[in-house]
Amino acid sequence: MNAGMRTLIATALVLGIASGPAVAHAAPASSAAATPTPASADSGRPAPLVSTPPNAAALEAAIAGLGPLHRDATAALVRVGGTAGRWQGSSGVADVRTGRAAVAQGRFRAGSVTKVFTSAVVLQLAAEGRVDLDGPVRRHLPGVVPDRYGAVTVRQLLNHTSGIPAADGPGGSFEAQWEHRFDVTDPRAQVAEAVAKEREFAPGTAQHYLNINYTVLGLLIEEVTGGRYEDAVGVRILKPLGLHGTSFPGRTGTRIHGPHNRGYQAIPQADGSRELRDVTEWNSSGRWAAGDIISTTADLERFTVALFSGRVVPEQRLEEMFTVPDVKDFASGDPAVLTAGLSRLVLPDGTVAWGKTGSRHGYSTAIGATRDLSRTLVYSVNATDAKGQDTNPVPVGIAMAAFTK
């Protein structure tokens, strides 16, 4: 999932969209929304990037058949919107033990979608003159970021070009992480561990997507605002937009409060079968400002529309979220695609969209939209290997179906 929706959509060209029966909770677009009026030469408005209504059949097929016997996911919640029309659907089960139908308005761990909220708060502070994007981050955090990292700017943290390496964790395997799932992590200790290492590259010369950049930004937000990071997001974004289903679990929290679909990790067994281990309860303090938010598809859709419309970040700073630095990806050598919180996505037909994916064990999430909001997408998939290296075909099919014209 860290490779972003661009990889998902490209992979969908090979995988295609699985066929299956209609989804019980699908809601097709209204006739008014499904028949947009194209812009005329007289109107002076550009034609919408997406002018066709969502393909209900393709979306239904993309999430058909989910449940305990499905190879890749136990449930999915999808919301497609925009000026070209709307579609909403859900599939699968909320709990594999009972077989209860998926909660269509359920809450879920949104993982790295948290970074979009963090970036938005930093850009708000920049618009208020309280943060200089081109100034060294150690100006705000002198005791946290050492002298040899002094050249790192706030903008470089936002677009992952800082060169700060990742902090160590419990290990890369699922079992190692499972054993430490209730550990409580101190973000300052995490940053101290990271900056004690040699930098990966000179700041601003490459891009490497790492959570540590946004952990530092979380500390910066607290230093500048004088309060908790979670409170800053709440006061500045959640409350004004009425995102009542969105919350942070807190440093010691392990549960998803309110209605939700349980998350599972598939564990291969010696006899060739698999165990679906319940991973719903998990401490996410190790991800904090980089990935611990809990939300709903309705809230994330509202946030996406407000953000792209300039109602969250002032227009003079919003462009940071749509500006890709002219550097190469540190790992692949490909051109960078990440911005201050988002990722640039080139769709198969050449249409450019912007979005962010996120994953925690049991949950894979994404938000995405064209810049003109003619098409928006939010999904939460209860993937059975959400942190795995292999691309999951369920999110691929959803993304492909949502943006197909």
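Tutor: Before we start, angles between axes under 35 degrees count as roughly parallel, over 145 as roughly antiparallel, 65 to 115 as roughly perpendicular, and the rest as oblique. The model is predicted, so local features need pLDDT of at least 70 and side-chain atom pairs pLDDT 80 or more, while totals for chains, interfaces and linings use all residues. Residues are numbered from 1 along each chain as its sequence is written, and side-chain values use heavy atoms, with hydrogens and water left out.

Student: How are H8 and H9 oriented to each other?

Tutor: Helix H9 covers residues 229-241, and its axis comes within 8 Å of the H8 axis. The two cross at roughly 75°. H8 and H9 are therefore roughly perpendicular.

Student: Which residues of H9 make the contact with H8?

Tutor: Contact here means heavy atoms within 4.5 Å. By class, this one has 3 nonpolar, 2 polar and 2 charged residues. H8 brings Gly218, Ile221, Glu222 and Thr225, and H9 brings Tyr229, Glu230 and Ala232.

Student: And how does H7 sit relative to H8?

Tutor: Helix H7 (residues 187-195) packs on helix H8 (residues 212-225) with the axes 10 Å apart and an angle of about 130°. That makes the pair oblique.

Student: How many charged residues are in the contact of H7 with H8?

Tutor: From H7 come Pro187, Arg188, Gln190, Val191 and Ala194, and from H8 come Ile212, Thr215, Val216, Leu219 and Glu223. Sorted by class, the contact has 6 nonpolar and 2 polar residues, and the charged ones number 2.

Student: Is Ala56 buried, exposed or partly exposed?

Tutor: Ala56 belongs to helix H3, residues 56-62. Buried means under 20% relative accessible area and exposed over 50%, with partly exposed in between (1.4 Å probe, protein chains only). Ala56 has 23% relative accessibility, so it counts as partly exposed.

Student: How far is Ala56 from Gly89, C-alpha to C-alpha?

Tutor: Along the chain, Ala56 and Gly89 are 33 residues apart.

Student: Why is strand E5 largely enclosed by the rest of the structure?

Tutor: E5 is made up of residues 264-268. It is largely enclosed because, of its 5 residues, the number buried is 4.

Student: Which residue of E6 stands opposite Gln265?

Tutor: E5 and strand E6 (residues 274-278) run antiparallel and are joined by 5 bridges. Across from Gln265, E6 places Arg277.

Student: Which residue in the hairpin of E5 and E6 takes a positive phi?

Tutor: The hairpin has 5 residues between its strands. The phi in question is near 90°, and the residue is Gly272.

Methods: Axes are lines fitted to C-alpha atoms, for helices over the stretch in contact, and angles run from 0 to 180 degrees between N-to-C directions. Ala, Val, Leu, Ile, Met, Phe, Trp, Tyr, Cys and Pro count as nonpolar, Asp, Glu, Lys and Arg as charged, and the others, Gly among them, as polar. Two strands pair if DSSP finds at least two bridges between them.
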